[in-house]
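Student: Please put the structure up, and then take me through some contacts, a core, a helix and the aromatic pairs.

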Amino acid sequence: MLTQVAAGRTYDYSHSVGRGAQSGMGFSQPVSVALGKEDRMYVVNRGSESISNVAWNRTGIGARVSRITVGPSPGDEDFLGEFSKYGSNDGEFIWGSGVAVDGQENVYISDEWLNQISVFDKDGKFQKKWSALGNDNGQSHGVASIAINAQGVIYLTDGRSHEVRKFTADGKFLGSWGSLGAENGQFNSPWGITIDQEGCVYVADHRNDRVQKFTGEGEWMAQFGQPGTGRGGLQNPTGVAVDPEGDVYVCDWSDNGIQPGQVHAFDKDGKFIISLSGDAQQLSKWAQMTVDANADYLKRRREVATTEPEWRFAVPTGLAYDAEKGRLIIVDNQRSRLQIYKKLQQYMIPQMNL
């Protein structure tokens with residue numbers, strides 16, 4: 001359904017943005033997205049490709065950040081360019097995993113392989129980099145996602161040491177919490193992370209099939225979701241976002257071959273609201289340009305019984321909530337696109353019995 005109403009909320013599918021980037025415009029297996037000012041968005045890609053303006057290693061792993069603008073209406077988007085490339089030198093990364101933007105619109109990219117943070121300005125010019133390990137305790141590390149609070153404190157998840165770490169914007173280590181386990185405050189491969197307007201921290205606890213909520217100092221507060229496929233059940237959550245009303249959105253990988261990837265919504269008290277499965281019935285602006293330019297593409301699409309499978313999410317990995325425009329931005333990894341839903345206010349349901 002393009003419009004879904006549940007628990008006094010209305011989620012209205014808007015449109016999708018992006019496509020495979022064989023011609024240098026689009027995404028390649030995007031994993032995370034962050035919002036800047038003036039409708040700018042930054043998308044981290046880690047897919048296989050051989051585009052001339054993207055450096056890649058022998059295995060063909062691309063590493064770049066796409067800069068785009070996405071306006072309020074379908075088709076109102078522009079591709080501004082790319083920055084970074086595969087490598088370990090300044091301004092490069094290998095396994096980009098997370099992205100966050102601070103109040104000055106500096107862009108922070110976490111690298112799961114190099115365990116470091118690279119910082120760029122809003123136009124993609126390299127500024128600095130620093131180690132994401134803090135006080136290295138000798139464990140295996142794999143820095144995953146990144147979030148920044150209103151005071152500029154940076155929080156990172158580490159999927160291999162099973163912890164959350166805090167840093168200043170310059171990389172000074174401030175502390176950490178978490179360990180391997182399934183008790184409150186413990187993690188098993190934590191991935192996505194976000195911070196609400198009150199400074200509370202939410203962590204997608206990937207292999208424990210839940211989201212945990214903490215104070216900014218790491219005190220456990222609450223849990224959202226539980227393992228399972230029923231209402232409110234999670235299977236391998238990878239991303240989390242919170243809107244100004246306190247509703248929590250969980251990007252659920254659900255990579256079990258039975259249940260497709262979904263995004264689940266919970267209220268601030270943890271009560272399940274609704275699940276979104278993807279509704280991209282129309283091609284994105286950029287994908288439509290590709291089809292229009294190739295008659296064979298159009299023929300092949302008209303020969304299939306239904307295009308419904310491509311409407312749905314295929315391994316959704318990340319998401320962000322745009323509070324200014326009241327919309328949820330979902331990273332649809334295997335489809336190389338973003339799907340966008342609007343959270344409508346004062347949605348009226350017509351009376352049919354007049």
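**Contacts, core, helix and rings**

Tutor: Leaving aside neighbours within four places in sequence, Tyr341 is in contact with Asp12, Tyr13, Ser14, Leu276, Gly278, Asp279, Phe313, Gly326, Arg327, Leu328 and Ile330. Contact means heavy atoms within 4.5 Å. This is a predicted model, in which local features need pLDDT of at least 70 and side-chain atom pairs count only at pLDDT 80 or more, while totals for chains, interfaces and linings use all residues. Residues are numbered from 1 along each chain as its sequence is written, and side-chain values use heavy atoms, with hydrogens and water left out.

Student: Within what arc do the buried residues of H1 fall?

Tutor: Helices (H or I, at least four residues) and strands (E, at least two) are DSSP runs, numbered from the N terminus. In helix H1 (residues 285–292) the buried residues are Trp286, Ala287 and Val291. They line one face of the helix, because the directions from the helix axis to their C-beta atoms fall within an arc of 145°.

Student: Is Gly98 buried or exposed?

Tutor: Gly98 sits in strand S7 (residues 96–101). Apart from neighbours within four places in sequence, Gly98 has contacts that include Ser32, Val44, Tyr108 and Ile146. With a relative accessible area of 2%, Gly98 is buried.

Student: What is the angle between the planes of Phe83 and Phe120?

Tutor: Rings of Phe, Tyr and Trp (its six-membered ring) pair if their centres lie within 6.5 Å; planes under 30 degrees apart count as stacked, over 60 as edge-to-face and the rest as tilted. By this rule the count comes to 16 aromatic pairs. The rings of Phe83 and Phe120 are 4.8 Å apart centre to centre and form a tilted pair, with an angle between the planes of 50°.

Methods
Buried < 20%, exposed > 50% of the residue type's maximum accessible area, 1.4 Å probe, protein only.
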